[in-house]
Structure formats: C-alpha cells, structure tokens
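User: Hi! Could you walk me through a few local details of this model?
Analyst: Happy to, let's bring it up.

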Amino acid sequence: MSGSAAPFPGFVENSRQRCSRISPLPPPAPLPMFELMKKRRALSLSPPKSYVPLHAASPSRCSYLPPKPEPLDLREDRQKLAIALRRHDAERIGNPHAQNRIVYDCDELNAQAASSIRARDGKVLGGGSKIVDRKDTSHSRSSHSQSEEEQGPPRPYYTPTGPDDDTPVFESRFEGGNLRRAIQVGASEFDLVVRPDLNTNRHTQWFYFSISNTRRKRYKLNLVNFQKPDSMYNYGMRPLIFSRIAAREHGIEWVRAGSDICYYRNQQKRLRSNNKAFYYTLSFSLEMKYDHDTIYLAYCYPYTYTDLREDLRRLEAKPDMQRKMRRRSLCKTIGGNECYLLTITDFASRPEQMKRKIGILVPPPMLIVR
C-alpha cells in the first residue's frame, strides 16, 4: 500500500482490521502505464493523463439517449427499507464469523504499478543493479516496449481460480472509474468504497466501475462512504447499468436498474468532523441476467474527457464549422491535460463588427460566444 495519507483513513483502516484474518488474494501482475481504450475505438488522440495507471476499456460511445422518458421508481417504502437495512448492518457487524474478504483494492494495484514503472525506468533499482541512463532515449524506448511485451495483458486484482469460482471481478482503472475498494461481506453482498473527487474536500457522489465474472443471480451492493445527507435515490432514482452481452446481442445500452434502493446514514463516523458527522450508504440489489457477463455501473451517463475531445474533433471536421467555431488550448489542468477554449461566433463578419461583439464566457469547457 502507498505510504501517503488515505482520504478515508478511519474507514479504510477499519476495513483492514476487519479483513486482517482473511488470507490475501493472489497479487496481480504489474501494469503498463497506459493501455486505455484499446478496444474502445481507434483514435489518433493520445490517452488522457492520469495520476493512476489506466488500462481497462470502458463501454463504447456514451452518446446514448433513452428511447423514452425514465420515470422515477416510487414503489418502495424507503423509510421501512432503511430501518431493515440498518438492522441488517448491525447484525452483520456484530457477527464475529461474518465474511470480510477484500476482492478489489485499487490503492494496492496503483502502488504496485508505480513501483514497477519506477524500477523499469531506472529510478528504483535495488541489489546493486546498474541504473539506466535516462538520457539514452532509444534504450529507454526499447526497454519499455520489451517490458510491456513480457508482461502481457494486465490482470485484475483477483483472477478466478476456475469455472466454478463465481467471485465477481471488480475493476475501475478506466477513464472516469473511481471504485477504491470492494469487500465481500456475504455470499453475494459487497461493501464498496469509492475514491473522492480530486481537488475537493473529499467529495463523494459519482461512482463508476465494472463487475466481471457474473452469474445469473441477485447481488447486493453497498456504497458506504457517501457524505450528502440525502439523495435522489430516496425519491425514485435508480443506478445506470451497461451489460456487454445485452449490448452485443440485443443492442441495449445504458438502462436504469436495481431494486431495494435506499440511501441512509450508517454507523461509520467521519474523521476530522469532531465525531458529529457520519457516512451514508447507498444500497441496492441487482438481478443479473447473464452468466460470465461484464457490467458497468454508474451514477449517471458517463461522459469522459476522451468523449469531449472526439466530439470537438468531429465538429471541427465539418466543412462549415471553421466559420462558426474555433478551438485553442487555454491552459493545462493539474493532471496535465489540455483545457480547451472554444470561440463560437460568425468569423465571416467584418473586423469592425467583430470588435463590437460582446463576449460571454460559459465554462466548462471554456466557451466564448459572440
């Protein structure tokens, strides 16, 4: 694990203590730095920069509109459901024989990947090994490609031991993904910890991750480290799900799904809050329709930085767009990605008319409408 301070030290440390009696899962192979979107679509654009290694492919284009309006699901009694879920949590936490098994830990994967990359680049070499000269770019390039070929395709945190092993394989190392840890607490029940948004005060609301090696049965998922005191999930909103098999065989993309949906305060106190604030849990159940499927779960329809760049590129490729819209780089984000400035106006106007136009700034991305 990384030596840096965890965004949720109390919760993460407690989950470690709960899982200390469980044998660790097989460690994954080191990951190459960027394998993002290889199967998604062929792009001339380079992958977005990231603080963590990204390798998994997320679903194809997310420019999806529901065929009809999505009604709120108001059939369930949320108050009665919240009481039942709190009682279930108390019984489970108080059971010394309860199953607490870590099946996904993104922090551990990232630490291993970073260590592998540093060693491969010659930054960290032990045992008297010769340090690679960073100025020798040709040697560096060849060693990178050779190392990636030797490693082969990156592996998940947990690899099923055989066809009878129905352990779900969680993943979030793709663009927009933010699952930090998954803990199996029952035969088909999992507590999930999401990573907070970067450069915020530990803000958690978005979630996006995948589950592979599914079976046709019911799964219960508990996202346990939200902070808002209320949510639209208590008023009929449902999570989004994308099934690869449904998309391939029936053309079904993102759909609202889930039952027994409830957002409620749990018993885990938030640190740095004078013990006056608690975390909140979003709990819901999913009935899987296919065996050995890969599904993606999200708070709402994902729209990634790569989607934005491709949309802008498609707009610029239209013959009449040069006289309407122009793009340039305003600056770079903290992560090192381009932040675009779009100017939308009639560029065919005469210079004196252009000078009289009033600029209107509309972020994000930064737009100038004249």
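**Asp-105 and other spots**

Analyst: Asp-105 counts as buried because its relative accessibility is 2%; buried means under 20% relative accessible area, exposed over 50%, partly exposed in between (1.4 Å probe, protein chains only). This is a predicted model, where local features need pLDDT of at least 70, side-chain atom pairs count only at pLDDT 80 or more, and totals for chains, interfaces and linings use all residues. Residues are numbered from 1 along each chain as its sequence is written, and side-chain values use heavy atoms, with hydrogens and water left out.

User: Thanks! Where is Asp-105 found?
Analyst: In strand S1, residues 101-105; helices (H or I, at least four residues) and strands (E, at least two) are DSSP runs, numbered from the N terminus.

User: And what lies 3.1 Å from a polar atom of its side chain?
Analyst: For Asp-105, that is the backbone nitrogen of Asp-107. The backbone nitrogen of Glu-108 lies 3.2 Å from a polar atom of the Asp-105 side chain.

User: Switching topic: which loop holds Asn-213?
Analyst: The one between strand S5 (208-212) and strand S6 (218-226). Asn-213 is not a glycine, yet its phi is positive, about 60 degrees. At 12% relative accessibility, Asn-213 is classed as buried.

User: What about the phi of Asp-260?
Analyst: Also a non-glycine residue with a positive phi, near 50 degrees. Asp-260 sits in strand S9, residues 259-269, and is partly exposed because its relative accessibility is 32%.

User: Last one: which residues are buried in H6?
Analyst: Tyr-305, Thr-306, Asp-307, Leu-308, Arg-309, Glu-310 and Leu-312.

Key: Polar contact = N/O pair within 3.5 Å; in protein donor to acceptor, adjacent residues only side chain to side chain.
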